[in-house]
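Colleague: Please take me through one part of this model in close detail. Pick a strand and follow what surrounds it.

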Amino acid sequence: AARSKGAVAFDSLKPAGERYSYRMGFNGSYERAPATTRAAFVWKNLNSLSPALLIISGYYAIECWVALLWAKLHKAPVVLWFESNEFDAPRHWPKEALKRIFLKGCDQAHVYGTSNADYLRKLGMPEHRLLRKRAVANADLFQTAQETRTYRKGGVTRLLYVGRLAPEKNLDLLLRSFASVRARRLADSTRLVLVGTGPLESELKGECAELGIEEWVEFLGHRPQVSLPEVFRSCDVFVLPSLSETWGLVVNEALLCRMPVIVSRQCGCAADLVTPETGWTFSPWSQSELETTIFKAVTSSSERLAAMGDAGFELGLEYTPEKGADRIVEGLSRLKPACKTISGTPTTARQDSGNHPCGP
């Protein structure tokens, strides 16, 4: 069943190009598709396709359970694509029990990183059935050559946030922490740049005025992705203060632009992308901890920022679509002998996926 917001014409939902075969289950918003319609669509098409292996992208909807049942009846291996963290939302035992049941039917789970894997292990998934496919970013767009990266232009350290201006992003804490750091005799050497739009934009601007920092906080509004590398390169340190973030792909992009990062420990990427060599983590509920972290960043030498930027860049290159595809193909090949015929190169695997017995 197709997921979309509002009633969307069928033609607008077609994937670009002709690399993948697909079948559309409902012409309209996902929320308007009856559960019985979704369940029948999945069952009918699995019977028609008779796949050798199933990849299921969650356990939250009836079509996921229907697909799992079909796989068990037809003895087809099941791979779960899993992106949740235990800290994403309150957890209640009845739902957790259902997740455990679903996981018992899965032969393998592909996750972004450490925090996803930790949650699955707690739900009963054995370590040997976990594969870290990683969250990937467009390295060709974002990577920055060493000779083009400079830090502290004009003697000013520029902090950068990119994302929605929404409550879960915790930007009021960032503003208060920034104002406090500026008061520590750093008034002339620190700036904050916010990129994005959202429901809190006017409120955040008002808070800047109340804190007396409106002159040093710049709201750039929406920027298309193609223009983001230039924005990243114009700043020095990236900050993501979110209260909840499944992963935080914008951190990958910052690393590829050789930026040291300050990341909330409630972001899924924090455990994998943020090390003493690439940046700092903090509790998103502690203003004093964020203040201390920002102070460390803005008082670090330019040479230290450059070294962290280099380390982050090397780590970011491990999270590319090509390397992610290699990991997925390798994981699938463990489950079904037919999958071993997939080429190890991601491009070939994608081009062959439409006719391959493992399915697209």
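Modeller: Strand S5 (residues 157-162) is joined to strand S6 (residues 190-195) by six bridges, and the two run parallel. Strands here are DSSP E runs of at least two residues, helices are H or I runs of at least four, and both are numbered from the N terminus. Two strands count as paired if DSSP finds at least two bridges between them. This is a predicted model: local features need pLDDT of at least 70, side-chain atom pairs count only at pLDDT 80 or more, and totals for chains, interfaces and linings use all residues. Residues are numbered from 1 along each chain as its sequence is written, and side-chain values use heavy atoms, with hydrogens and water left out.

S5 also pairs with strand S8 (residues 237-240), again in the parallel sense, over two bridges. Follow leucine 160. In S8, leucine 160 faces phenylalanine 238.

Five of the six residues of S5 are buried, so the strand is largely enclosed by the rest of the structure. Buried means under 20% relative accessible area, exposed over 50%, and partly exposed in between, with a 1.4 Å probe and protein chains only.

Now the core. A nonpolar core is a set of buried Ala, Val, Leu, Ile, Met, Phe, Trp, Tyr and Cys residues joined through side-chain atoms within 4.5 Å. The largest one has 61 residues; Leu160, Leu174, Phe232, Phe238, Val251 and Ile262 touch the most other members. Helix H6 (residues 171-182) gives the most to this core: seven residues. Apart from it lies another core, of 30 residues, including Ala39, Tyr59, Tyr119 and Leu123.

Back to phenylalanine 238. Contact means heavy atoms within 4.5 Å. Leaving out residues up to four places away in sequence, phenylalanine 238 touches Leu160, Tyr161 and Val162, among others. Its partners also include Phe232, Val250, Val251 and Ala254. Met259, Pro260, Val261 and Ile262 are on the list too.

For context, there is also an open sheet of four strands, ordered S1-S2-S3-S4, with parallel pairing. Its edge strands are S1 (54-56) and S4 (130-132), each pairing on one side only. Strand S2 (residues 78-82) and strand S3 (residues 108-111) run parallel and are joined by four bridges. Phenylalanine 82 has valine 111 in S3 as its bridge partner.
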